[in-house]
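Hi,

Here is the structure I promised to send you. Have a look at it first, and then read on for what turned up.

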Amino acid sequence: MTARAGKATASGTARAGKATAKGAHKVGKATRRLTYANGAGRTGLGRLIELSAGNSASDALVTVALASTVFFGVPVGEARGSVALYLVITMLPFALLAPFVGPILDKFRSGRRYVMAGTLFGRGLLCFAMAAAVGPGDLPTLFIGALGVLVLSKAYNVSRAAIMPNVLPADITLVSANARVALFTLVAAGAAVPIGAGMTAWLGSAAVLRIAMVAFLLLGVAAVRLPRHVDSPDLEEEGAQPSRWRTLFNVGPAVAEAVWANVAIRVFSGFLLFFLLFLVQDKAVPWLAVNQAWAQDPFFDIPKTIALLAAAAGLGGLVGAAVANWTRNHAPQLIVLVTLAVTVATTIVTAIFFGLWAALAISFVTAFAQELGKLALDAIVQREIGEEVRSSTFGVVEAVLQLAWVFGGLVGLVLSLAQSSLAGLITLAVALTAALGWLLIARRKRVRATKAKLARQRAEAETDEQDPRWPQPHDHDPRPAETDDHDQRRGDTLDSTKPLTNPFG
């Protein structure tokens, strides 16, 4: 009887394993069709999407594993001073390393595959060190390792964004390509979080860190195997000047406008996270601040409220990436300003009608605007900034956005002391409105100046054409037919095996 039950159990387990493997195979094939669609498999974009999704999932495993360690296991109700100190500490590596990461990556733009692989291998080694430090509670090793993982993760994102024009298919714009990468990375991270949490509870943080180490090492090998045209040629032989550290004052007006709009959104995102967190923790929100215990809704307690807000923010990020993929033919500059305007309007409405549903709505809209605005900003930088300083620009942009988020979080901590949702939201609504107005005025001035310049150039061209000394079309080009034949022959010699890319999006 026991043997028969054992055989039945083994048979059921085998059938369940086969069904799971078959389902995973089908999911893998469907995912491959999505990542390789529209020529992405031919240019290498599909492999870059899969690599970025694995990178995001591995980072999520590290985050979940470190969340339960001695140093990083900060409870939700921790004092504001400790949370503020934690924010400042996480801000320091980006502020200190931002001037150096971008130029270093620009120096090695002819070997970006190996730079990306180096960031993955480095995180694998750091995970190995942190796994050994979890047992004895070695806090310095855990802290240094976590900061190293953060910095290398940002370096990977900078390299990935810089090479996007090199793998862009002709049928996909930069905004759509960035959105496709963001969608798969968000889905991969969302799937890795519950898996990592379950493995941490079952196996422990050290085991999960070792699993992440193996994942990073395998991803590093996959990064080396990316197509060769991912690497950019070294332009210094052609007389190009060495790259310099980019600031927001010499990236051009279009990039600067998009950066400042995203800075405003990031400030509000950091503010909203910590402002709502401590308001909920202090029960200073309408659905929790009920004097009579019998009148309180037992469902909307503190943990469930925080879970709902986190779910709304995650859904907003996914929708933002999906909308970015849909708006493939729209100007990214317009997208950035529209996202900021939507954030301003939602903040004003939330301040007036603050409640649970308003808090969920503003969490959703803020995450949506942050994701959509960042994808449009990436497309603008990839289009406007030259290859020789693109990594430097992305490094500065990432650092500025991170500092803006931390600054917003510190402001949210301070304003939460008043325990008034109206005061905090109105303050940020005024700041966001001022930022939007300033950007719109600057954009209008720039458009007027551009139109005036074009009008002057057109007038000068018409004056030159009226000059009798101006050469006429029939006065030159003595061999038009021969030139056309030469152009045709030159077009026939194009290499048909080179991936068709769209460098201008």
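A definition to start with: a residue is called buried when its relative accessible area is under 20%, exposed when it is over 50%, and partly exposed in between. Please keep in mind that this is a predicted model.

Now take Gly198, which sits in helix H7 (residues 174-203). Its relative accessibility is 38%, so Gly198 counts as partly exposed. Gly198 and Val64 are 134 residues apart along the chain, and their C-alpha atoms are separated by 9.7 Å.

Next, the charged residues. Side chains of opposite charge can pair when their charged atoms come close. How many salt bridges does a search of the whole structure find? The search finds seven.

One of them joins the side chains of Glu398 and Lys154, at 3.5 Å from N to O. This pair links distant parts of the chain, since Glu398 belongs to helix H13 (residues 390-415) and Lys154 to helix H6 (residues 139-163), 244 residues apart. Glu398 is buried because its relative accessibility is 12%, while Lys154, at 22%, is partly exposed.

Lys374 and Asp378 also form a salt bridge, with 2.7 Å from N to O. Both lie in helix H12 (residues 356-384), four residues apart, which is about one turn of the helix.

Finally, Glu384 pairs with Arg383 in a salt bridge, their closest N and O atoms being 3.0 Å apart. Glu384 is partly exposed at 42%, and Arg383 is partly exposed at 32%. Elsewhere, salt bridges that share partners join Lys154, Lys374, Asp378 and Glu398 into one network.

Happy exploring!

Notes: Residues are numbered from 1 along each chain as its sequence is written. This is a predicted model: local features need pLDDT of at least 70, side-chain atom pairs count only at pLDDT 80 or more; totals for chains, interfaces and linings use all residues. Side-chain values use heavy atoms; hydrogens and water are left out. Helices (H or I, at least four residues) and strands (E, at least two) are DSSP runs, numbered from the N terminus. Buried means under 20% relative accessible area, exposed over 50%, partly exposed in between (1.4 Å probe, protein chains only). A salt bridge is a side-chain nitrogen of Lys or Arg within 4 Å of a carboxyl oxygen of Asp or Glu.
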